[in-house]
Amino acid sequence: LIIDHSQVGDIGLRFAAQQCHSLTMLGFSHCRRMTAKGVSEIIRKSPHVQKVDLSYNMAASDVLLRCIGHWAKRLTFLDLSYCLTVTDTGLTSLAQGCADIATLHLAGCRGVTDAGLSALAEHSKKLVHLDLNACVLVTNEGLVSLAELSELQRLNLSGCRSVSDAGIKAILHANDKLTDLNVAWTEVTDEGLKAVAANSPQLLQLDLNGCIRLTDVGLGAIGRQCTRLEQLNVSNCNRVTDKGMASIARHCSRLRRLTVSRCVSLTAKSFHLIAKHCTQLQELDASYCDQLTDKVLLQIARRCSHLSKVLLRNCGSLTMKGLGTMADRCQALQDLDVSSCRGITEDTIVHLAKGCSQLLQLDVTDCRGVTDDSLRVLASHCRQLSQLSISDCEQISDIGVKAIAQHCHGLHMINLSGCNKVTDEGVKALAENCSHLTDMSLYRCKSLTDKVLNMLDSRGCHVAA
């Protein structure tokens, strides 16, 4: 029973509980009208339930977790992300009752502390995936407890500001199965990373975003010993230089996804090495990297032809030369962000449209060279577009918007903020032709009236204006 984002309340849940006795999955994410009483009733009537999603659901409380622990003995998956009233008390009841739970999402549960993790370590020995993103009260002491979870393979500690090298070392001391580790915005340093490299050579995914104390020493160790790595994020790691990235490029040839956004100490040398050795790359985020030039992008496009997602936001050195080659070579491209790249011209957009007809998402925000004519070509060649951002493209008018409306019927989201030449007529064309449109950003669109905004609202389209 999956009713995420619905208006179903306790009465509806009571009816479902009476009619459906063999449910194995319950999806109640973002459901605001149900209460703990209603959810408890359907839990009690669903003895076979194995997966429950209560993310962003205010009904999720310690009382409800006690009910789940008592009745849902076969539970293997539970998502409690951003259930703000959940505390250690409820988590303990859950752990004691659901011994088979393998995946548990606690992102944003700020009432969870080391005591809750201790209960999980004692009772939930089958945990494979644990998400503690933004659990700000979790410390190294809690991670010492988690060392008892020998089956743990995926661990997210992003935003756990009190976690440092000591906690990471404690977990790894007894765990040799970790394949996915996220320590973004923690206090982990080179010492912690050296422990990761020594104990987890099987690591596939590593997120180090915002680990500002990390240097080439730690990253070098990862490169030399975690050679199976497929995904790496070192965004905002300002101390990482070409030396550390060279270790990754030379040893981690299986890389599929690389994020180096705002790595200000990297030079063109790093990108040349990535292009040379990481030819299986599918996703690259090099946003805010001014050192990424046409020459570098040319080499990446020629050698990494499997790229499907490229984010180059605010890479001011790029022009038609580099992006044109990418359009010719990377025809599987589906997601492209070149926002605030001032070298983008009308010809660039035309070239991209003709070469990358599989595009699903495109962001050309603040690219002043985007025109109505270029949007016409884009619409006629990239008809599968689902998300388009042309915010602050001041030359765009109803003509370009109507072209999008005419051809891109699968559009879900469009950002027209700051497009002052767009009027009610263009927005109305989008609403009438794009039946899947659910999200529009219309900030600073001075030519629009309340009439068209009310029309969008009546159609169920979320408008930010």
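Arginine 213 forms a salt bridge with glutamate 187, and their closest N and O atoms are 3.7 Å apart. Arginine 213 is in the loop between strand 8 and helix 9 (216-225), while glutamate 187 is in the loop between strand 7 and helix 8 (190-199), so this pair ties together parts that are 26 residues apart in sequence. The relative accessible area of arginine 213 is 45%, which makes this residue partly exposed, and glutamate 187 also counts as partly exposed, at 32%.

## Basis of the values

Residues are numbered from 1 along each chain as its sequence is written, and side-chain values use heavy atoms, with hydrogens and water left out. Since the model is predicted, local features need pLDDT of at least 70 and side-chain atom pairs count only at pLDDT 80 or more, whereas totals for chains, interfaces and linings use all residues.

## A helical pair and a network

Aspartate 373 forms a salt bridge with arginine 376, the closest N and O atoms being 3.3 Å apart. The two residues are three places apart in helix 15 (residues 372-381), and therefore aspartate 373 and arginine 376 are separated by about one helical turn. Aspartate 373 is partly exposed, with a relative accessible area of 42%, and arginine 376 is partly exposed at 44%. Elsewhere, salt bridges that share partners join Arg342, Asp366, Arg368 and Glu394 into one network. By the stated rule, the count comes to 16 salt bridges.

## The largest pocket

The largest pocket has a volume of about 380 Å³. Of the 22 residues that line this pocket, Gln205, Asp207, Gln231, Asn233 and Arg257 are the closest to its centre. Elements that give two or more residues to the lining include strand 5 (129-131), strand 8 (205-207), strand 9 (231-233), strand 10 (257-259) and strand 12 (309-311). The lining divides into seven nonpolar, seven polar and eight charged residues, with Ala, Val, Leu, Ile, Met, Phe, Trp, Tyr, Cys and Pro counted as nonpolar, Asp, Glu, Lys and Arg as charged, and the others, Gly among them, as polar.

A pocket is defined on a 1 Å grid over the protein atoms alone, as an open set of points where a 1.4 Å probe fits, with protein on both sides within 12 Å along at least five of seven lines, and lining residues have an atom within 4 Å of a point. Grid points are joined across faces, edges and corners, and the volume is the space filled by probe spheres set on the points.

## Core and buried elements

The largest nonpolar core holds 159 residues, of which Leu104, Leu208, Leu416 and Leu430 touch the most other members; such a core is a set of buried Ala, Val, Leu, Ile, Met, Phe, Trp, Tyr and Cys residues joined through side-chain atoms within 4.5 Å. Not counting residues up to four places away in sequence, leucine 430 touches Val401, Ile404, Ala405, Leu411, Ile414, Leu416, Leu437 and Met440, contact meaning heavy atoms within 4.5 Å.

Helix 9 is mostly covered, with seven of its ten residues buried, among them Leu219, Ala221 and Ile222. The cover over these buried residues includes helix 8, strand 8, strand 9 and helix 10 (242-251).

## Loop residues with positive phi

Tryptophan 185, in the loop between strand 7 and helix 8, has a phi near 55 degrees, a positive value in a residue other than glycine. Aspartate 392, in the loop between strand 15 (387-389) and helix 16 (398-407), has a positive phi of about 60 degrees although it is not a glycine.

Definitions and conventions. Helix = DSSP H or I, 4+ residues; strand = E, 2+ residues; numbered from the N terminus. Salt bridge = Lys/Arg side-chain N within 4 Å of Asp/Glu carboxyl O. Buried < 20%, exposed > 50% of the residue type's maximum accessible area, 1.4 Å probe, protein only.
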